[in-house]
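Q: I am new to protein structures and would like to learn how to read one. Could we go through it together, feature by feature?

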Amino acid sequence: MADNSFNTAPKGSDHPSEKGLSDRENSLNGHVDQVDGSISKLQRRLQSRHLQMIAIGGTIGTGLFIGSGGALATAGPAGALIAYIFIGSVVLSVMVALGEMATYIPVSGAFTSYATRFVDPSIGFAMGWIYWFSWAITFALELTITGLLIQYWDKSLHIAIFISVFWVFITGCNLLPVSFYGELEFWFSMIKVITVCGFLIFGICMNAGAGQEGYIGFKYWNDPGAFAAWPDIDPTSLGTFVAFWSVMIQAGFSYQGTELVGIAAGETEDPRKNVPSAIRKTFWRILFFFVFTVFFIGILIPSTDERLISKDGDNYAASSPFVIAVQRAGVPHLPGILNAILLTVVLSAANSNVYSGSRILVGLANDGSAPAILAKTTVQGVPIYAVLFTAAFGLLAFLNVKENAAVVFNWLLNITAVAGFITWANINVAHIGFQRALKARGISRDLLPYKAFWQPYYSYYGLFWCVLITLTQGFTAFMPWNTESFFVSYVSLIIWVVLFVGHKLVFRTSFVKPSEADITTGCLDTVDESQWEEKVPTTLWGRLWAWL
């Protein structure tokens, strides 16, 4: 019996009007992806407030609350700040590119669909699986961290207990309707926002002299210095640059998750309005939540503080720069409270890991790049098999039970962070292909519901830096040669190349011509947007919340 479930050739709609009618009829009850005749019944149950907080929550995570301390220790306060600003500009190029495509064609598993349609099915295949791999592995990482954070209060507790408990909890949450995920993430993200805002206020007060250290100012920028140099490299200026370049991966890991808006577009009410709104605010969130936070961390903590780099699992929770800053200020009991908040941050990240990974699998299945069973959903629109398959990889966290926690964390961090840069590069490639397809069809980008700025140059900018960082981030493996370090740094790139080349050889795919690219399937151009009720805030608080 012929099986077409892995047929990856993109197909357009022969009857746009019929396709538009189908979209219109199903836009409220489900999401239709007409690729090889398969139907994804993901349902548009995420409201505007859910999407806005998913965008914020996806931005603020483990990398900022914990990983930023390693960046400070490696590159110094100024070096870390510049690195986060620079990577923020790259992330913004990815977000505006994704926003332009996701508002025009808001489909599930957006990344893979766009690359498959506009560039090459093999790129879509490799991109989807490497991105799924990133989230599946990150889920194991987050589960490991939950146990380590709880050990902050009682070191005698075994982390395997909490890996098991939270695996069941997170998996169970993702087996519920997507509206439950949106609501849970809404409140988790609320805690994150309040924590970051509180820390910024705390930083201003402590820097002005409210803590036990007295007035701080910029004394740590003078001693030990604004920049840190990579050890054993002369001259010092070269060592400073090498240290700065080495923290790019840490900064990239902190920013991962910003692209969740694109994944959630396929399950969002009125995506033409809500997705652009979330995308437009990305710049301000990057500036406010990342740049300001890293800046205050850099003026409150000297880069030579040994607690910034965890040398063993017992000190892992205490390596958060948020906790260290509070401890240096001499505020009693607050470190324990912050640790509890960090636990909610990690649970939020783990929740998003399973959600995004499962939706990418749905997109891959709809494109024919994964078994069709992964696209099957319950009557409530939950892709149960995709959720369980993704969640199963969280059990890899048990590998950490007998291993040094910090070593496992660094392995997983590097693997997932590099996969993130590869995914961002592929999104920019897909956007360049999307623009060429529009031009070939004579469609002006001015007519799009959201138009990305500085195009196509900004997408080329993001693509260039993502590729360069991916290729050079493992330079320490050559100083001197270290086989283990090499594979840790480049395993994600190796996997992507194997997936791309293997798919190319098996299916003999070719690059998509701009004039033949499918820009109709999944497009909501004909949907009556009046079906979504628009609520305009009337109170001062409502307007402020809408702006945030």
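Q: How many disulfides does the count come to?
A: A disulfide is a pair of cysteine sulfur atoms within 2.5 Å. By that rule, the count here is 0 disulfides. Before we go on, please note that this is a predicted model, in which local features need pLDDT of at least 70 and side-chain atom pairs count only at pLDDT 80 or more, while totals for chains, interfaces and linings use all residues. Residues are numbered from 1 along each chain as its sequence is written, and side-chain values use heavy atoms, with hydrogens and water left out.

Q: Is Cys173 buried or exposed?
A: Buried means under 20% relative accessible area, exposed means over 50%, and partly exposed lies in between (1.4 Å probe, protein chains only). Cys173 has a relative accessible area of 6%, so this residue is buried. Cys205, at 37%, counts as partly exposed. Across the protein, buried residues make up 61% of the 548 residues.

Q: How many helices and strands does the protein have?
A: Both are DSSP runs numbered from the N terminus: helices are H or I with at least four residues, strands are E with at least two. This protein has 20 helices and 0 strands.

Q: What span should helix α18 have?
A: The expected span is 1.5 Å times one less than the number of residues. Helix α18 (residues 457-472) has 16 residues and should span 22 Å; its end C-alpha atoms are 23 Å apart, which agrees.

Q: Which residues of α18 are buried?
A: They are Tyr458, Ser459, Gly462, Leu463, Cys466, Ile469 and Thr470. To see how they are arranged, we take the arc of the directions from the helix axis to the C-beta atoms. These residues cover an arc of only 145 degrees, so they sit on the same side of α18. The face turned away from that buried side carries the exposed residues Tyr457 and Leu471.

Q: Which residues are buried in α16?
A: In α16, Ala386, Val387, Thr390 and Ala391 are buried. Their arc is 125 degrees seen down the axis, so they line one face of the helix. The cover over them includes α5 (121-150), α6 (159-174) and α15 (334-366).

Q: What does Thr390 touch?
A: Contact means heavy atoms within 4.5 Å. Thr390 lies in helix α16 (residues 384-392) and is buried, at 0% relative accessibility. Not counting residues up to four places away in sequence, Thr390 touches Trp132, Ala136, Phe139, Asn353, Val354, Gly357, Ser358 and Leu361.

Q: Where is Phe292, and what is it in contact with?
A: Phe292 lies in helix α13 (residues 282-300) and is partly exposed, with a relative accessible area of 34%. Leaving aside neighbours within four places in sequence, Phe292 is in contact with Leu200 and Leu287. Its C-alpha atom is separated by 8.8 Å from that of Leu81, 211 residues apart along the chain.

Q: Which residues touch the most other members of the largest nonpolar core?
A: In soluble globular proteins, nonpolar side chains tend to be buried together. A nonpolar core is a set of buried Ala, Val, Leu, Ile, Met, Phe, Trp, Tyr and Cys residues joined through side-chain atoms within 4.5 Å. The largest one here has 156 residues, and Ile87, Tyr114, Phe118 and Leu300 touch the most other members. Helix α3 (residues 62-104) gives the largest share of this core, 24 residues.
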